[in-house]
Amino acid sequence: IESIAEAKAQVQKTMDAYNAVLAPDVKDRRDAYKKLQKEMSNADKKRADVSSKGGQMNQEADQLFKGGEGSSAAIQSPALRQRSEERLKKTQERFAEIRQTGQKASALYEPFMKSLQDQVTFLGHDLNPGAIATLKPDAEKLNSQAKDLYAAIDQVTAVANNNITRLSAE
């Protein structure tokens, strides 16, 4: 959850840098562009961290579920085995909900970053006011996509926190 929050904050910083390049009152567009490139690189690093930690989370969950199934099978009491199996099933369902919500955010992230990268590449070849002006519709669309992405990321953290809280309470 922490990595996801950090990645979201980095995407926001990257969008701030992007919007600064396009701002009509920017003092040095070239410096603003260099900052944008740095923020893009940082966003890639944060995304890689989220991906790595997500892979670790999935691997640990798979091990936990496999171990839980083995443990349940070893319980002699039918009533206790059933309770164990029910709890494991609830945990698997909650984890599946977190995973599914994360996949939805990831599905928004990829095209968003591709569009942002395309625009950064475009700007790299032409930082003149005329080129900046032609990006206005694209920038509006990108900022709208960013809002959708932020909402999806917030949904992932909300679902994860909610399920963690529910698991802890049981």
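Colleague: If an axis is a line fitted to C-alpha atoms, for helices over the stretch in contact, and angles run from 0 to 180 degrees between N-to-C directions, at what angle do α1 and α5 cross?
Modeller: In this predicted model, the two helices cross at roughly 165 degrees, and their axes come within 10 Å. Angles over 145 degrees count as roughly antiparallel, and α1 and α5 are therefore roughly antiparallel to each other.

Colleague: And which hand does the crossing of α1 and α5 have?
Modeller: That crossing is left-handed.

Colleague: OK, what about α2 and α3, at what angle do they pack?
Modeller: The angle between α2 and α3 is about 165 degrees, and their axes lie 11 Å apart. This pair, too, is therefore roughly antiparallel, and α2 passes α3 in a left-handed crossing. Sorted by class, the contact of α2 with α3 is made up of 15 nonpolar, 9 polar and 8 charged residues.

Colleague: How do the axes of α3 and α5 sit?
Modeller: For α3 and α5 the axes come within 9 Å, and they cross at roughly 160 degrees, so these two helices are roughly antiparallel as well. Here α3 passes α5 in a left-handed crossing, and the contact between them has 16 nonpolar, 8 polar and 5 charged residues.

Colleague: Changing topic, how many salt bridges are there?
Modeller: The count comes to 5 salt bridges. One of them joins K46 to E6, whose closest N and O atoms are 3.6 Å apart.

Colleague: Now pockets: what volume does the largest one have?
Modeller: The largest pocket has a volume of about 930 Å³. It is lined by 35 residues, of which I4, G54, M57, I98 and V156 are the closest to the centre of the pocket.

Colleague: Which elements give two or more residues to that lining?
Modeller: Those elements are α1 (2–22), α2 (29–74), α3 (78–125) and α5 (136–169). The largest share comes from α2, which gives 12 residues to the lining of the largest pocket.

Colleague: And how does the lining of the largest pocket divide by class?
Modeller: The lining has 19 nonpolar residues, along with 10 polar and 6 charged ones. To tie this back to the packing, α2 and α3, which both give two or more residues to the lining, are the pair with axes 11 Å apart.

Notes: Residues numbered from 1 in each chain as written. Predicted model: local features only at pLDDT ≥ 70, side-chain atom pairs only at ≥ 80, totals over all residues. Heavy atoms only, no water. 1 Å grid on protein atoms, 1.4 Å probe; cavity = no way out; pocket = protein on both sides within 12 Å on 5 of 7 lines; lining within 4 Å. Points joined across faces, edges and corners; volume = space filled by probe spheres on them. Helix = DSSP H or I, 4+ residues; strand = E, 2+ residues; numbered from the N terminus. Nonpolar A, V, L, I, M, F, W, Y, C, P; charged D, E, K, R; others polar. Parallel < 35°, antiparallel > 145°, perpendicular 65-115°, else oblique. Left-handed = near helix turned anticlockwise from the far one by under 90°. Salt bridge = Lys/Arg side-chain N within 4 Å of Asp/Glu carboxyl O.
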